[in-house]
Amino acid sequence: MENNSKSKNRREFIQSGVRLSLALALGGVGGLALSKVIEDDWVWQIDPFECTQCGRCATDCVMSPSAVKCVHAYDLCGYCDLCGGYLKPDANALSTAAENQLCPTAAIERKFIEEPYFEYHIIEDLCIGCAKCVKGCTSFGNGSLHLQIIHDICLNCNECSIARVCPSDAIKRVPASEAYKVKGDFTNNPES
Amino acid sequence: MKKLKYILFTFYFLLFTFTLIAQQQRFPKPEFESGYEQPDTVTPEPRALALEYFDVLVLILVLSLATWFALKTRSRQGVLWLSVFTLIYFGFYRNGCICSIGAIQNVTLSFADPTYAISLTALLFFILPLAFTLFFGRTFCAGACPLGAIQDLVIIKPISLPKWLNKTLGLIPYLYISLAVLFAATGTDFIICRYDPFVGIFRMDAKFLMVVLGVSFLLMGMFVARPYCRFFCPYSVLLSWMSRFSKWHLTITPAACIQCKLCTNSCPFDAIDFPTNEKEVVKSGLGTKRFLAYAVLIPIWVAAGVFVGERSHTFLSKANPDVFLAELLISNPEIKNDPDNLDVQTFLASGKTMETLVQEAEVIRGKFYVGSMIAGGFMGLVIGMTLLNTVVFRKRQDYVPHKGNCLSCARCMDYCPVEK
Ligand code: SF4
Ligand code: SF4
Ligand code: SF4
Ligand code: SF4
């Protein structure tokens, strides 16, 4: 019996020793990480100046349809009649018929303002984030249409599955307090 | 002649003005006369930070309650309803994200990448369950983990697996966590999140293959209880280390075991250790000799692991998109003419030189070289220790839960006839 309790004591001693070291290790890892911790949370966002409109935003989000949508920076828009984001470049007749529209889901609404200007408005529910209009607007217009991750749809995945496949590395973690990179409010155009 | 001059002049004039405008805007914003009001660009805010802290609070509450139910009131009912709550809150409401298992990668990345600082919520989700486990056993797994909860609720008729199979499959989590840390540290991928089998079910939306994976885990889980927890979960490695040395782990019996054997089949996870039969131990001739032999083998296992890691680092590093692209362009230069390869075309259009790409890829591969060897050595150590453990006999007189493997689900307690 005596022997038994001795070995039991020894076991308990080792146990608490290891427990202490584990606690210290845990504290160490926590402390080290804490030295770099940020109060803010991270969210994912697209840098519109780096995006090359590859189209993967529509296909690679874990949400279907994608949490990436086209947004319109109205300040930059020319309100053109012949909108490069709205009409197919080879549209033969100037008509807004469906076959001439660039957007596959007809998510862009065109509204007459005054001669000769038109406002273009994205219907968020229809947009699938395919970037076709963005490509058109960037190539032929002012680039006022661009993609953003819309945060009331985005699940804020631990790692954005589009970021992983974005060929231009345009999707990065940004602090939640500056969750958007809407053109105009934010500029880092290397050319300007 | 004059005409030509005129044309040239116009040409230059146009060119000049065009570049000027291009630097600002191709088409300047019009000045409206009709009193048009420009709409705002809609940018809905992300989830408020306060809500994230609320999640931490919920986690602490659930952890405390789970511990209370498992250790104090010894109530399976309590644990059960708690896991239903966890499944609804952390699973379906929070979409299985944020999660402690995935937080391993955030912690790793914050050490490996100087530009990444972990958010306080992620850090707390990583630390709190481990700290609780160090004192109370894996009560996190019992009631606070949504992945565990969804599997726990589908257990119908658990079968008992042979010991060797349990042990062998139990090595997978070690491999999984090694790879997860390796991929996170090299900034390649977050594989735990990507291959989380249940997140698609929580979100009710996922790629077809992931749904198949999740459903098959659940189907399998009807008979092999909690397959993800026991044979895959990378966090379980850390939890089980903590739990083995936990101070107040739950006990099957509230007082003293009377060896009635009623609880032997009560654990769906084969986590109850039976009393050791000393006669059998003596007869099997296991003992010091075998122990010494296995102990000597450990360094060899480690060396073998390092070797395998070294051999496989090239292969593993291909999971990194930069390394993959560099390899592809070197081994297969014609691909540059393939207009359908988006990655290649984007790279070519980006103006980045081949040298920069190769350099970056080499840096990453260097990290993989070191990382794979460490991971391999670690796996060797784990295998060696597991083998060594098979010949170590701890004297046991009673039926007790295996502290490392017990998920603190509290099922066994209902079988114990001993009154307090
Ligand atoms: S994946 Fe990247 S480049 Fe492609 S559309 Fe999205 S942000 Fe733009
Ligand atoms: S073209 Fe694509 S990105 Fe643009 S509005 Fe339509 S669906 Fe959205
Ligand atoms: S973080 Fe997730 S939900 Fe949000 S855009 Fe990326 S993949 Fe989609
Ligand atoms: S083993 Fe892993 S998945 Fe299972 S309950 Fe524990 S932490 Fe969750």
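**Labels and their criteria**

Tutor: Gladly! Let's begin with ligand 2, which is surrounded by A:Cys70, A:Cys103, A:Pro104, A:Thr105, A:Ile108, A:Cys127, A:Ile128, A:Gly129, A:Cys130, A:Ala131, A:Lys132 and A:Cys133. This is a predicted model, where local features need pLDDT of at least 70 and side-chain atom pairs count only at pLDDT 80 or more, while totals for chains, interfaces and linings use all residues. Residues are numbered from 1 along each chain as its sequence is written, chains are lettered from A and ligands numbered from 1 in the order in which they are written, and side-chain values use heavy atoms, with hydrogens and water left out.

Student: What makes a residue count as near a molecule?

Tutor: One of its heavy atoms must lie within 4 Å of the molecule, so each residue of a shell has passed that test. The shell around ligand 2 has nine nonpolar, two polar and one charged residues.

Student: How are the classes nonpolar, charged and polar assigned?

Tutor: Ala, Val, Leu, Ile, Met, Phe, Trp, Tyr, Cys and Pro are nonpolar, Asp, Glu, Lys and Arg are charged, and the others, Gly among them, are polar. By class, the shell around ligand 3 has 10 nonpolar, one polar and no charged residues. Its residues include A:Trp44, A:Cys61, A:Met63 and A:Ser161.

Student: Which residues come nearest to ligand 4?

Tutor: Of the 14 residues around ligand 4, those are B:Cys141, B:Cys145, B:Arg226, B:Cys229 and B:Cys233. Helix H14 of chain B gives the most to this shell, with three residues. Its name follows a rule: helices (H or I, at least four residues) and strands (E, at least two) are DSSP runs, numbered from the N terminus.

Student: Why are strands E3 and E4 of chain A called a pair?

Tutor: DSSP must find at least two bridges between two strands. Strand E3 (residues 108-114) and strand E4 (residues 117-122) of chain A have six bridges, in the antiparallel sense, so they pair by that rule. A:Ile108 stands opposite A:Ile122, and the bridge partner of A:Phe112 is A:Phe118. A hairpin joins E3(A) to E4(A) through two residues. A:Pro116 lies in that loop between E3 and E4 of chain A, and the peptide bond from A:Glu115 to A:Pro116 is cis, with omega near -5°. A:Ile108 is also among the residues around ligand 2.

Student: How do you know that A:Arg56 and B:Asp343 form a salt bridge?

Tutor: The rule asks for a side-chain nitrogen of Lys or Arg within 4 Å of a carboxyl oxygen of Asp or Glu. The closest N and O atoms of A:Arg56 and B:Asp343 are 2.9 Å apart, so the pair qualifies. Across the interface of chain B and chain A the rule finds two salt bridges.

Student: What makes a residue part of the contact, and how many does each chain give?

Tutor: Contact means heavy atoms within 4.5 Å; chain B gives 69 residues and chain A gives 67 residues. Between them the chains bury about 5,500 Å², 58% of it on carbon and sulfur atoms. Buried area here is the accessible area (1.4 Å probe) that two parts lose on being put together, summed over both.
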